[in-house]
Amino acid sequence: MNDLDRHPVYMDHAATTFMKPEIMAAMAPYFSRYFGNPSSLYRFARESRNGVDGARRQVAAAIGANPEEVFFTAGGSEADNWAVKGAALANRERGDHIVTSAIEHHAVLHTCGWLEKQGFSVTYLPVDEFGRVDPGDVEEAITDATILVSVMTANNEIGTIQSVAEIGRVAHDHGALFHTDAVQAVGAVPIDVERMGIDLLSLSGHKFYGPKGVGALYIRRGTRIENLIHGGGQERGRRAGTENVPGIVGLGRAIELATADIEGHNRRIAAMRDRLVRSVLGSIPDTRLNGHPTERLPNNANFSFRYVEGESILLLLDARGICASTGSACSSGSSEPSHVLLATGLSHEEAHGSLRLTLGDANTEEDVDSVLEVLPDVIGRLREISPLTPVRARIPEVD
Amino acid sequence: MYTEKVIAEFTNPENVGEIADADGVGEVGSPTCGDIMKIYLKVEEDRIIDARFRTFGCAAAIASSSMATRMIRGMTLSDAWELSNADVVDALGGLPEAKVHCSVLARDAIRAAINDCRTRRGLEPRETGSSRCGGGTGCGSCPENG
(Lines give C-alpha, C1' and ligand atoms only; values in the text may rest on other atoms or scores of the structure.)
Protein backbone atom coordinates (compact mmCIF):
# COMPACT_ATOMS: atom_id res chain seq x y z
CA MET A 1 0.00 0.00 0.00
CA ASN A 2 1.20 3.50 -0.76
CA ASP A 3 -0.63 4.86 2.25
CA LEU A 4 1.70 3.28 4.79
CA ASP A 5 2.79 6.66 6.16
CA ARG A 6 -0.69 7.79 6.99
CA HIS A 7 -2.19 4.42 7.94
CA PRO A 8 0.54 2.09 9.13
CA VAL A 9 -2.00 -0.48 10.31
CA TYR A 10 -5.14 -0.99 8.22
CA MET A 11 -7.54 -3.41 9.93
CA ASP A 12 -10.82 -2.53 8.27
CA HIS A 13 -10.88 -5.01 5.39
CA ALA A 14 -14.61 -5.68 5.85
CA ALA A 15 -15.16 -2.05 4.81
CA THR A 16 -12.96 -2.36 1.75
CA THR A 17 -9.68 -3.88 0.66
CA PHE A 18 -6.70 -2.41 -1.15
CA MET A 19 -6.27 -3.56 -4.75
CA LYS A 20 -3.60 -6.11 -5.46
CA PRO A 21 -1.09 -5.05 -8.12
CA GLU A 22 -1.75 -8.10 -10.31
CA ILE A 23 -5.44 -7.17 -10.39
CA MET A 24 -4.68 -3.58 -11.35
CA ALA A 25 -2.33 -4.92 -14.05
CA ALA A 26 -5.08 -7.16 -15.44
CA MET A 27 -7.43 -4.16 -15.65
CA ALA A 28 -4.99 -1.63 -17.11
CA PRO A 29 -5.25 -2.53 -20.84
CA TYR A 30 -9.04 -2.22 -20.69
CA PHE A 31 -8.84 1.47 -19.73
CA SER A 32 -6.71 2.38 -22.72
CA ARG A 33 -5.83 -0.17 -25.37
CA TYR A 34 -9.12 -2.08 -25.34
CA PHE A 35 -11.51 0.77 -24.70
CA GLY A 36 -14.11 -0.47 -27.18
CA ASN A 37 -17.74 -1.00 -26.26
CA PRO A 38 -18.33 -4.75 -25.92
CA SER A 39 -21.62 -4.34 -27.81
CA SER A 40 -19.96 -2.88 -30.91
CA LEU A 41 -19.69 -5.13 -33.95
CA TYR A 42 -16.24 -4.21 -35.31
CA ARG A 43 -13.32 -6.47 -34.58
CA PHE A 44 -11.64 -3.82 -32.41
CA ALA A 45 -14.36 -4.23 -29.73
CA ARG A 46 -13.83 -7.97 -29.62
CA GLU A 47 -11.10 -7.71 -26.94
CA SER A 48 -13.52 -5.85 -24.67
CA ARG A 49 -16.14 -8.54 -25.21
CA ASN A 50 -13.53 -11.24 -24.53
CA GLY A 51 -12.50 -9.51 -21.31
CA VAL A 52 -16.08 -9.52 -20.02
CA ASP A 53 -16.66 -13.13 -21.09
CA GLY A 54 -13.43 -14.27 -19.45
CA ALA A 55 -14.41 -12.60 -16.17
CA ARG A 56 -17.81 -14.25 -16.33
CA ARG A 57 -16.13 -17.65 -16.58
CA GLN A 58 -13.84 -16.78 -13.66
CA VAL A 59 -16.77 -15.80 -11.41
CA ALA A 60 -18.76 -18.88 -12.44
CA ALA A 61 -15.81 -21.19 -11.71
CA ALA A 62 -15.33 -19.63 -8.26
CA ILE A 63 -18.90 -20.36 -7.11
CA GLY A 64 -19.70 -23.56 -9.00
CA ALA A 65 -22.05 -21.88 -11.49
CA ASN A 66 -22.37 -21.78 -15.27
CA PRO A 67 -21.06 -18.59 -16.91
CA GLU A 68 -24.51 -17.78 -18.34
CA GLU A 69 -25.83 -17.62 -14.76
CA VAL A 70 -23.51 -14.72 -13.80
CA PHE A 71 -24.65 -11.10 -14.29
CA PHE A 72 -22.42 -8.12 -13.56
CA THR A 73 -23.72 -5.20 -11.51
CA ALA A 74 -22.37 -1.95 -10.11
CA GLY A 75 -21.66 -3.58 -6.74
CA GLY A 76 -23.05 -5.62 -3.89
CA SER A 77 -25.91 -3.26 -3.01
CA GLU A 78 -27.25 -3.39 -6.56
CA ALA A 79 -26.99 -7.18 -6.57
CA ASP A 80 -28.93 -7.36 -3.27
CA ASN A 81 -31.58 -4.92 -4.51
CA TRP A 82 -31.95 -6.80 -7.77
CA ALA A 83 -32.20 -10.21 -6.09
CA VAL A 84 -34.77 -9.22 -3.47
CA LYS A 85 -36.91 -6.79 -5.48
CA GLY A 86 -36.62 -8.81 -8.69
CA ALA A 87 -37.60 -12.11 -7.07
CA ALA A 88 -40.44 -10.52 -5.08
CA LEU A 89 -41.97 -8.71 -8.05
CA ALA A 90 -41.63 -11.65 -10.46
CA ASN A 91 -43.31 -14.11 -8.09
CA ARG A 92 -46.03 -11.89 -6.69
CA GLU A 93 -48.88 -14.00 -8.09
CA ARG A 94 -47.49 -16.98 -6.13
CA GLY A 95 -47.27 -15.17 -2.81
CA ASP A 96 -46.31 -12.00 -1.00
CA HIS A 97 -44.19 -13.21 1.90
CA ILE A 98 -40.41 -12.91 2.36
CA VAL A 99 -38.30 -14.44 5.12
CA THR A 100 -35.02 -12.77 6.06
CA SER A 101 -32.92 -12.23 9.19
CA ALA A 102 -32.62 -9.31 11.59
CA ILE A 103 -28.87 -9.02 10.95
CA GLU A 104 -28.82 -8.63 7.16
CA HIS A 105 -26.91 -5.79 5.54
CA HIS A 106 -29.04 -2.67 5.01
CA ALA A 107 -28.98 -3.35 1.26
CA VAL A 108 -31.29 -6.28 2.04
CA LEU A 109 -33.09 -4.89 5.11
CA HIS A 110 -34.00 -1.54 3.58
CA THR A 111 -35.02 -3.25 0.35
CA CYS A 112 -37.36 -5.48 2.37
CA GLY A 113 -38.68 -2.38 4.13
CA TRP A 114 -39.44 -0.82 0.75
CA LEU A 115 -41.21 -3.99 -0.38
CA GLU A 116 -43.37 -3.88 2.76
CA LYS A 117 -44.56 -0.47 1.58
CA GLN A 118 -45.48 -2.10 -1.74
CA GLY A 119 -47.70 -4.61 0.07
CA PHE A 120 -45.33 -7.50 0.73
CA SER A 121 -45.02 -8.95 4.22
CA VAL A 122 -41.59 -9.71 5.66
CA THR A 123 -40.52 -11.90 8.59
CA TYR A 124 -37.25 -10.78 10.20
CA LEU A 125 -35.86 -13.86 11.94
CA PRO A 126 -34.06 -13.42 15.25
CA VAL A 127 -30.53 -14.72 15.81
CA ASP A 128 -28.95 -16.38 18.83
CA GLU A 129 -26.31 -14.72 21.03
CA PHE A 130 -23.64 -15.64 18.47
CA GLY A 131 -25.56 -14.22 15.52
CA ARG A 132 -26.73 -17.55 14.09
CA VAL A 133 -30.05 -18.04 12.30
CA ASP A 134 -31.70 -21.32 13.31
CA PRO A 135 -32.77 -23.18 10.11
CA GLY A 136 -35.66 -24.50 12.20
CA ASP A 137 -36.85 -20.90 12.60
CA VAL A 138 -36.73 -20.48 8.82
CA GLU A 139 -38.90 -23.60 8.45
CA GLU A 140 -41.41 -22.28 11.01
CA ALA A 141 -41.58 -18.84 9.42
CA ILE A 142 -42.33 -20.16 5.93
CA THR A 143 -45.99 -20.08 4.92
CA ASP A 144 -47.85 -20.98 1.72
CA ALA A 145 -47.30 -17.38 0.64
CA THR A 146 -43.50 -17.41 1.07
CA ILE A 147 -41.73 -16.77 -2.23
CA LEU A 148 -38.23 -15.84 -1.06
CA VAL A 149 -35.82 -16.60 1.77
CA SER A 150 -32.82 -14.24 2.03
CA VAL A 151 -30.12 -14.98 4.60
CA MET A 152 -26.54 -13.74 4.30
CA THR A 153 -23.65 -16.21 4.06
CA ALA A 154 -21.53 -14.32 6.61
CA ASN A 155 -22.19 -11.16 8.58
CA ASN A 156 -20.21 -8.00 7.85
CA GLU A 157 -20.03 -6.80 11.47
CA ILE A 158 -19.52 -9.88 13.63
CA GLY A 159 -18.41 -12.32 10.92
CA THR A 160 -20.84 -15.08 11.91
CA ILE A 161 -21.23 -17.72 9.19
CA GLN A 162 -24.73 -19.14 8.65
CA SER A 163 -25.79 -22.71 7.84
CA VAL A 164 -26.43 -21.68 4.26
CA ALA A 165 -26.82 -25.17 2.78
CA GLU A 166 -29.37 -26.14 5.42
CA ILE A 167 -31.35 -22.90 5.02
CA GLY A 168 -31.27 -23.37 1.24
CA ARG A 169 -32.69 -26.88 1.58
CA VAL A 170 -35.50 -25.66 3.87
CA ALA A 171 -36.41 -22.93 1.38
CA HIS A 172 -36.47 -25.37 -1.53
CA ASP A 173 -38.49 -27.96 0.45
CA HIS A 174 -41.22 -25.33 0.59
CA GLY A 175 -40.89 -24.08 -2.97
CA ALA A 176 -39.34 -20.73 -2.03
CA LEU A 177 -36.34 -19.16 -3.75
CA PHE A 178 -33.15 -18.78 -1.72
CA HIS A 179 -30.96 -15.67 -1.94
CA THR A 180 -27.74 -15.23 0.00
CA ASP A 181 -25.69 -12.07 0.34
CA ALA A 182 -22.17 -13.47 0.08
CA VAL A 183 -20.44 -10.09 -0.16
CA GLN A 184 -18.30 -10.74 2.95
CA ALA A 185 -17.95 -14.48 2.40
CA VAL A 186 -16.26 -14.75 -1.01
CA GLY A 187 -12.65 -15.81 -0.54
CA ALA A 188 -13.25 -17.02 3.04
CA VAL A 189 -16.16 -19.46 2.78
CA PRO A 190 -15.99 -22.03 -0.04
CA ILE A 191 -19.12 -21.50 -2.14
CA ASP A 192 -20.84 -24.04 -4.33
CA VAL A 193 -24.25 -22.79 -5.45
CA GLU A 194 -25.36 -26.32 -6.39
CA ARG A 195 -24.41 -28.01 -3.15
CA MET A 196 -25.70 -25.10 -1.05
CA GLY A 197 -29.05 -24.83 -2.82
CA ILE A 198 -28.55 -21.19 -3.75
CA ASP A 199 -30.78 -19.58 -6.41
CA LEU A 200 -29.46 -16.04 -6.09
CA LEU A 201 -26.10 -14.89 -4.73
CA SER A 202 -24.65 -11.37 -4.39
CA LEU A 203 -20.95 -10.55 -4.43
CA SER A 204 -18.80 -7.43 -4.62
CA GLY A 205 -15.31 -6.93 -6.07
CA HIS A 206 -13.80 -4.52 -3.54
CA LYS A 207 -14.20 -6.96 -0.64
CA PHE A 208 -11.63 -9.34 -2.08
CA TYR A 209 -8.89 -7.03 -3.39
CA GLY A 210 -10.72 -6.10 -6.60
CA PRO A 211 -12.10 -2.75 -7.75
CA LYS A 212 -14.95 -0.79 -6.16
CA GLY A 213 -18.20 -0.20 -8.03
CA VAL A 214 -18.45 -3.66 -9.57
CA GLY A 215 -20.21 -6.77 -8.35
CA ALA A 216 -22.26 -9.65 -9.64
CA LEU A 217 -25.51 -11.47 -9.10
CA TYR A 218 -25.66 -15.21 -9.67
CA ILE A 219 -29.09 -16.21 -10.99
CA ARG A 220 -29.79 -19.93 -11.20
CA ARG A 221 -31.05 -20.90 -14.64
CA GLY A 222 -34.84 -20.83 -14.74
CA THR A 223 -35.23 -18.51 -11.72
CA ARG A 224 -38.12 -16.09 -12.11
CA ILE A 225 -36.74 -12.60 -11.52
CA GLU A 226 -37.63 -9.15 -12.84
CA ASN A 227 -34.98 -6.79 -14.16
CA LEU A 228 -33.88 -3.89 -11.98
CA ILE A 229 -32.00 -1.70 -14.45
CA HIS A 230 -33.93 -1.19 -17.70
CA GLY A 231 -32.40 0.01 -20.95
CA GLY A 232 -30.12 -1.61 -23.50
CA GLY A 233 -29.71 -5.31 -24.09
CA GLN A 234 -26.46 -5.84 -22.15
CA GLU A 235 -26.01 -8.90 -19.92
CA ARG A 236 -28.31 -10.88 -22.21
CA GLY A 237 -31.13 -8.41 -21.70
CA ARG A 238 -31.10 -8.74 -17.90
CA ARG A 239 -29.07 -5.74 -16.79
CA ALA A 240 -28.88 -2.65 -18.98
CA GLY A 241 -25.93 -0.27 -19.22
CA THR A 242 -22.59 -0.36 -21.01
CA GLU A 243 -20.36 -2.78 -19.15
CA ASN A 244 -17.71 -1.51 -16.74
CA VAL A 245 -15.15 -3.50 -18.69
CA PRO A 246 -12.00 -2.77 -16.64
CA GLY A 247 -13.96 -3.28 -13.41
CA ILE A 248 -15.43 -6.55 -14.59
CA VAL A 249 -12.01 -7.80 -15.73
CA GLY A 250 -10.62 -6.82 -12.31
CA LEU A 251 -13.46 -8.58 -10.49
CA GLY A 252 -12.82 -11.74 -12.50
CA ARG A 253 -9.09 -11.77 -11.74
CA ALA A 254 -9.78 -10.89 -8.08
CA ILE A 255 -12.22 -13.74 -7.47
CA GLU A 256 -9.88 -16.17 -9.18
CA LEU A 257 -7.06 -15.16 -6.82
CA ALA A 258 -9.33 -15.04 -3.75
CA THR A 259 -10.65 -18.55 -4.24
CA ALA A 260 -7.46 -20.24 -5.40
CA ASP A 261 -6.43 -21.38 -1.90
CA ILE A 262 -9.19 -20.51 0.55
CA GLU A 263 -8.01 -22.98 3.16
CA GLY A 264 -4.42 -21.78 3.19
CA HIS A 265 -5.50 -18.14 3.20
CA ASN A 266 -7.91 -18.71 6.08
CA ARG A 267 -5.29 -20.55 8.10
CA ARG A 268 -2.80 -17.69 7.80
CA ILE A 269 -5.31 -14.93 8.56
CA ALA A 270 -7.06 -16.82 11.37
CA ALA A 271 -3.74 -17.49 13.13
CA MET A 272 -3.12 -13.73 13.40
CA ARG A 273 -6.74 -13.01 14.29
CA ASP A 274 -6.78 -15.68 17.00
CA ARG A 275 -3.67 -14.25 18.64
CA LEU A 276 -5.22 -10.78 18.49
CA VAL A 277 -8.44 -12.00 20.13
CA ARG A 278 -6.66 -14.03 22.81
CA SER A 279 -4.35 -11.19 23.76
CA VAL A 280 -7.05 -8.50 23.78
CA LEU A 281 -9.36 -10.59 25.97
CA GLY A 282 -6.40 -11.45 28.20
CA SER A 283 -5.05 -7.94 28.63
CA ILE A 284 -8.20 -5.78 28.80
CA PRO A 285 -10.72 -6.63 31.55
CA ASP A 286 -14.48 -6.34 31.06
CA THR A 287 -14.19 -7.12 27.35
CA ARG A 288 -16.17 -9.59 25.27
CA LEU A 289 -15.80 -11.07 21.81
CA ASN A 290 -18.97 -10.55 19.76
CA GLY A 291 -20.06 -13.15 17.24
CA HIS A 292 -19.49 -16.89 17.13
CA PRO A 293 -16.39 -18.41 18.78
CA THR A 294 -15.65 -20.68 15.79
CA GLU A 295 -18.24 -20.24 13.01
CA ARG A 296 -16.92 -16.85 11.95
CA LEU A 297 -14.96 -15.25 9.12
CA PRO A 298 -11.24 -15.91 9.66
CA ASN A 299 -10.35 -12.21 9.49
CA ASN A 300 -13.04 -10.85 11.82
CA ALA A 301 -12.61 -9.77 15.43
CA ASN A 302 -15.42 -7.80 17.06
CA PHE A 303 -15.11 -6.70 20.68
CA SER A 304 -17.23 -4.83 23.17
CA PHE A 305 -15.34 -2.85 25.78
CA ARG A 306 -17.52 -1.99 28.74
CA TYR A 307 -17.82 1.64 29.96
CA VAL A 308 -16.52 3.28 26.74
CA GLU A 309 -17.94 4.39 23.40
CA GLY A 310 -16.82 3.12 20.00
CA GLU A 311 -16.27 6.36 18.11
CA SER A 312 -13.91 7.55 20.82
CA ILE A 313 -11.98 4.29 20.56
CA LEU A 314 -11.83 4.66 16.79
CA LEU A 315 -10.50 8.22 16.84
CA LEU A 316 -7.85 7.50 19.46
CA LEU A 317 -6.75 4.47 17.42
CA ASP A 318 -6.68 6.66 14.32
CA ALA A 319 -4.47 9.16 16.14
CA ARG A 320 -2.06 6.26 16.70
CA GLY A 321 -2.25 5.10 13.08
CA ILE A 322 -4.72 2.22 13.33
CA CYS A 323 -7.81 2.01 11.08
CA ALA A 324 -10.79 0.15 12.55
CA SER A 325 -14.56 0.34 12.68
CA THR A 326 -17.39 0.44 15.25
CA GLY A 327 -21.07 -0.44 15.56
CA SER A 328 -21.68 2.64 17.68
CA ALA A 329 -23.63 5.55 16.27
CA CYS A 330 -23.39 8.48 18.58
CA SER A 331 -25.31 11.16 16.75
CA SER A 332 -28.69 12.76 16.96
CA GLY A 333 -31.23 11.22 14.65
CA SER A 334 -29.45 7.90 14.38
CA SER A 335 -28.24 7.13 17.86
CA GLU A 336 -29.33 3.49 17.65
CA PRO A 337 -26.17 1.41 17.74
CA SER A 338 -25.63 -1.55 15.39
CA HIS A 339 -28.81 -3.53 14.66
CA VAL A 340 -26.62 -6.63 14.43
CA LEU A 341 -25.16 -6.30 17.92
CA LEU A 342 -28.55 -5.48 19.44
CA ALA A 343 -30.04 -8.54 17.69
CA THR A 344 -27.47 -10.75 19.44
CA GLY A 345 -28.80 -9.48 22.76
CA LEU A 346 -26.14 -6.92 23.65
CA SER A 347 -27.18 -3.95 25.79
CA HIS A 348 -27.03 -0.49 24.24
CA GLU A 349 -23.96 0.28 26.31
CA GLU A 350 -22.14 -2.84 25.08
CA ALA A 351 -23.18 -2.18 21.48
CA HIS A 352 -21.96 1.43 21.74
CA GLY A 353 -18.63 0.10 23.03
CA SER A 354 -17.95 -2.15 20.06
CA LEU A 355 -14.84 -2.25 17.91
CA ARG A 356 -14.42 -4.26 14.71
CA LEU A 357 -10.96 -5.21 13.49
CA THR A 358 -10.87 -7.06 10.17
CA LEU A 359 -7.55 -8.35 8.91
CA GLY A 360 -6.39 -8.69 5.33
CA ASP A 361 -3.67 -10.07 3.14
CA ALA A 362 -1.20 -7.24 3.80
CA ASN A 363 -1.42 -7.49 7.59
CA THR A 364 1.55 -8.92 9.46
CA GLU A 365 2.25 -10.17 12.97
CA GLU A 366 3.86 -6.76 13.55
CA ASP A 367 0.50 -5.11 12.79
CA VAL A 368 -1.11 -7.32 15.43
CA ASP A 369 1.66 -6.31 17.85
CA SER A 370 0.95 -2.63 17.15
CA VAL A 371 -2.73 -3.04 17.93
CA LEU A 372 -1.92 -5.00 21.09
CA GLU A 373 0.41 -2.24 22.19
CA VAL A 374 -1.97 0.65 21.51
CA LEU A 375 -5.43 -0.74 22.30
CA PRO A 376 -5.10 -1.37 26.07
CA ASP A 377 -3.79 2.16 26.46
CA VAL A 378 -6.67 3.66 24.44
CA ILE A 379 -9.30 1.72 26.40
CA GLY A 380 -7.58 2.63 29.67
CA ARG A 381 -7.61 6.34 28.84
CA LEU A 382 -11.28 6.32 27.87
CA ARG A 383 -12.22 4.31 30.96
CA GLU A 384 -10.41 6.91 33.02
CA ILE A 385 -12.71 9.54 31.48
CA SER A 386 -15.94 7.50 31.72
CA PRO A 387 -18.31 7.81 34.70
CA LEU A 388 -19.43 4.20 34.14
CA THR A 389 -16.04 2.67 34.95
CA PRO A 390 -16.03 0.96 38.35
CA VAL A 391 -13.07 1.86 40.57
CA ARG A 392 -11.57 -1.63 40.19
CA ALA A 393 -11.28 -1.15 36.41
CA ARG A 394 -9.61 2.26 36.65
CA ILE A 395 -5.93 2.92 36.27
CA PRO A 396 -4.77 4.60 39.51
CA GLU A 397 -5.12 8.35 39.03
CA VAL A 398 -2.01 10.42 38.54
CA ASP A 399 -2.86 14.05 39.05
CA MET B 1 -15.48 15.41 10.08
CA TYR B 2 -14.19 17.11 13.26
CA THR B 3 -12.23 20.35 13.46
CA GLU B 4 -8.64 20.17 14.67
CA LYS B 5 -9.72 21.96 17.85
CA VAL B 6 -12.24 19.22 18.63
CA ILE B 7 -9.67 16.50 18.02
CA ALA B 8 -7.08 18.31 20.16
CA GLU B 9 -9.58 18.83 23.00
CA PHE B 10 -10.68 15.19 22.74
CA THR B 11 -7.22 13.65 22.64
CA ASN B 12 -5.95 15.85 25.49
CA PRO B 13 -8.97 16.69 27.60
CA GLU B 14 -8.62 18.90 30.67
CA ASN B 15 -10.46 18.58 33.99
CA VAL B 16 -11.03 14.83 33.80
CA GLY B 17 -11.96 13.40 37.17
CA GLU B 18 -14.12 13.93 40.22
CA ILE B 19 -14.19 16.43 43.06
CA ALA B 20 -14.48 14.48 46.29
CA ASP B 21 -16.06 17.36 48.24
CA ALA B 22 -17.99 18.85 45.33
CA ASP B 23 -20.65 21.48 46.07
CA GLY B 24 -22.74 20.40 43.09
CA VAL B 25 -22.87 17.36 40.80
CA GLY B 26 -24.94 17.11 37.59
CA GLU B 27 -25.43 14.03 35.45
CA VAL B 28 -27.30 13.89 32.12
CA GLY B 29 -27.74 11.39 29.28
CA SER B 30 -28.07 7.61 29.33
CA PRO B 31 -26.22 4.58 28.00
CA THR B 32 -29.08 4.08 25.54
CA CYS B 33 -28.33 7.43 23.92
CA GLY B 34 -24.62 6.63 23.89
CA ASP B 35 -23.71 9.67 26.02
CA ILE B 36 -23.48 10.21 29.76
CA MET B 37 -21.98 13.41 31.13
CA LYS B 38 -21.26 14.03 34.80
CA ILE B 39 -19.98 17.42 35.95
CA TYR B 40 -18.60 18.27 39.40
CA LEU B 41 -18.40 21.84 40.73
CA LYS B 42 -16.45 23.35 43.62
CA VAL B 43 -18.00 26.69 44.51
CA GLU B 44 -16.76 29.45 46.80
CA GLU B 45 -19.53 31.90 47.64
CA ASP B 46 -20.96 32.39 44.15
CA ARG B 47 -17.91 31.57 42.07
CA ILE B 48 -16.90 28.26 40.47
CA ILE B 49 -13.32 27.62 41.56
CA ASP B 50 -13.06 24.11 40.14
CA ALA B 51 -15.00 22.12 37.55
CA ARG B 52 -14.35 18.51 36.56
CA PHE B 53 -16.09 15.90 34.49
CA ARG B 54 -16.46 12.28 33.60
CA THR B 55 -18.06 11.43 30.23
CA PHE B 56 -19.10 8.26 28.43
CA GLY B 57 -19.56 9.10 24.79
CA CYS B 58 -18.09 10.06 21.45
CA ALA B 59 -15.24 12.44 20.73
CA ALA B 60 -17.65 15.40 20.52
CA ALA B 61 -19.10 14.60 23.95
CA ILE B 62 -15.66 14.37 25.57
CA ALA B 63 -14.41 17.51 23.80
CA SER B 64 -17.58 19.41 24.80
CA SER B 65 -17.18 18.38 28.45
CA SER B 66 -13.56 19.41 28.52
CA MET B 67 -14.21 22.76 26.83
CA ALA B 68 -17.31 23.55 28.90
CA THR B 69 -15.57 22.87 32.22
CA ARG B 70 -12.66 25.04 31.13
CA MET B 71 -15.05 27.85 30.22
CA ILE B 72 -16.99 27.91 33.51
CA ARG B 73 -13.97 27.84 35.79
CA GLY B 74 -13.86 31.21 37.53
CA MET B 75 -17.38 32.16 36.43
CA THR B 76 -20.17 33.08 38.83
CA LEU B 77 -22.97 30.54 39.06
CA SER B 78 -25.36 32.85 37.24
CA ASP B 79 -22.88 33.43 34.39
CA ALA B 80 -22.23 29.69 34.14
CA TRP B 81 -26.00 29.11 33.97
CA GLU B 82 -26.12 31.38 30.93
CA LEU B 83 -23.39 29.48 29.05
CA SER B 84 -25.13 28.28 25.91
CA ASN B 85 -24.38 25.21 23.86
CA ALA B 86 -23.54 27.56 20.96
CA ASP B 87 -20.78 29.10 23.13
CA VAL B 88 -19.28 25.62 23.52
CA VAL B 89 -19.62 24.88 19.80
CA ASP B 90 -17.93 28.18 18.94
CA ALA B 91 -15.08 27.54 21.35
CA LEU B 92 -14.54 24.17 19.66
CA GLY B 93 -14.42 25.81 16.24
CA GLY B 94 -17.68 24.11 15.28
CA LEU B 95 -19.27 20.68 15.60
CA PRO B 96 -20.87 18.53 12.88
CA GLU B 97 -24.66 18.99 12.83
CA ALA B 98 -25.27 15.46 14.11
CA LYS B 99 -23.00 16.14 17.10
CA VAL B 100 -24.44 19.46 18.26
CA HIS B 101 -26.51 17.58 20.85
CA CYS B 102 -23.24 16.83 22.68
CA SER B 103 -22.79 20.53 23.38
CA VAL B 104 -26.40 20.65 24.61
CA LEU B 105 -25.55 17.84 27.02
CA ALA B 106 -22.63 19.86 28.39
CA ARG B 107 -24.89 22.86 29.03
CA ASP B 108 -27.50 20.62 30.67
CA ALA B 109 -24.93 18.90 32.87
CA ILE B 110 -23.66 22.28 34.07
CA ARG B 111 -27.20 23.44 34.84
CA ALA B 112 -27.94 20.18 36.66
CA ALA B 113 -24.78 20.67 38.75
CA ILE B 114 -25.71 24.27 39.53
CA ASN B 115 -29.20 23.18 40.58
CA ASP B 116 -27.70 20.48 42.77
CA CYS B 117 -25.58 23.17 44.39
CA ARG B 118 -28.66 25.38 44.88
CA THR B 119 -30.63 22.51 46.42
CA ARG B 120 -27.80 21.77 48.85
CA ARG B 121 -27.91 25.45 49.88
CA GLY B 122 -31.66 25.24 50.46
CA LEU B 123 -32.51 27.24 47.33
CA GLU B 124 -35.16 26.37 44.73
CA PRO B 125 -33.66 24.70 41.61
CA ARG B 126 -34.00 26.86 38.49
CA GLU B 127 -36.14 25.75 35.57
CA THR B 128 -33.75 24.03 33.12
CA GLY B 129 -36.13 23.97 30.18
CA SER B 130 -34.57 20.73 28.96
CA SER B 131 -35.24 17.05 29.11
CA ARG B 132 -32.51 14.82 30.49
CA CYS B 133 -30.47 14.60 27.31
CA GLY B 134 -31.03 18.01 25.85
CA GLY B 135 -34.38 17.15 24.31
CA GLY B 136 -35.60 18.06 20.87
CA THR B 137 -32.38 16.79 19.34
CA GLY B 138 -34.25 14.11 17.44
CA CYS B 139 -32.23 11.41 19.15
CA GLY B 140 -35.15 8.97 19.16
CA SER B 141 -33.80 6.83 21.98
CA CYS B 142 -35.38 8.78 24.82
CA PRO B 143 -39.05 8.18 25.55
CA GLU B 144 -39.43 11.99 25.66
CA ASN B 145 -38.30 12.27 22.05
CA GLY B 146 -39.48 8.94 20.73
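In what order do the seven strands of the open sheet in chain A stand? I recorded the order as 2-8-7-6-5-3-4, with mixed pairing. I note at the outset that this is a predicted model.

**Entry 1: the edges of the sheet**

I looked up which strands end the sheet in chain A. Strand 2 (70-73) and strand 4 (121-125) of chain A stand at the edges. Each has a single partner strand, so one side of each is left without a neighbour in the sheet.

**Entry 2: one strand pair**

I examined strand 5 (residues 146-150) and strand 6 (residues 177-181) of chain A, which pair in the parallel sense. Three bridges join these two strands. Within strand 6 of chain A, A:His179 is the residue that stands opposite A:Ser150.

**Entry 3: helices on the sheet**

I next asked which strands helix 2 (residues 46-63) of chain A touches. This helix packs on the sheet against strand 2, strand 7 (200-204) and strand 8 (215-219) of chain A. Its direction makes about 115 degrees with that of strand 2 of chain A. Helix 6 (residues 164-173) of chain A also packs on the sheet, where it touches strand 5 and strand 6 of chain A.

**Entry 4: chain A as a whole**

I counted the elements of chain A as 13 helices and 12 strands. The radius of gyration of chain A is 22 Å, close to the 21 Å that the globule rule gives for 399 residues, so chain A is as compact as a globular protein of that length. Along the principal axes, its C-alpha atoms fill a box of roughly 75 × 55 × 40 Å. Of the 399 residues, 53% count as buried. Among contacts in chain A with a separation of 6 or more, 72% come from residues 24 or more positions apart.

**Entry 5: a helix pair in chain B**

I turned to helix 2 (residues 59-72) and helix 5 (residues 100-120) of chain B, whose axes lie 8 Å apart at an angle of about 40 degrees. That angle makes helix 2 of chain B oblique to helix 5 of chain B. The crossing of helix 2 of chain B past helix 5 of chain B is right-handed. From helix 2 of chain B, the contact residues include B:Ala60, B:Ala61, B:Ser64 and B:Ala68. Helix 5 of chain B contributes, among them, B:Cys102, B:Leu105, B:Ala106 and B:Ile110.

Notes:
Residues are numbered from 1 along each chain as its sequence is written. Chains are lettered from A and ligands numbered from 1 in the order in which they are written. This is a predicted model: local features need pLDDT of at least 70, side-chain atom pairs count only at pLDDT 80 or more; totals for chains, interfaces and linings use all residues. Two strands pair if DSSP finds at least two bridges between them. Helices (H or I, at least four residues) and strands (E, at least two) are DSSP runs, numbered from the N terminus. Two residues are in contact if their C-beta atoms, placed from the backbone, lie within 7 Å. Axes are lines fitted to C-alpha atoms, for helices over the stretch in contact, and angles run from 0 to 180 degrees between N-to-C directions. The radius of gyration is taken over C-alpha atoms; the globule rule is 2.2 Å times the number of residues to the power 0.38. A residue is buried if 20 or more other C-beta atoms lie within 10 Å of its own, exposed if 12 or fewer, and partly exposed in between; C-beta atoms are placed from the backbone. Angles under 35 degrees count as roughly parallel, over 145 as roughly antiparallel, 65 to 115 as roughly perpendicular and the rest as oblique. A crossing is left-handed if the near helix is turned anticlockwise from the far one by less than a right angle, and right-handed if clockwise.
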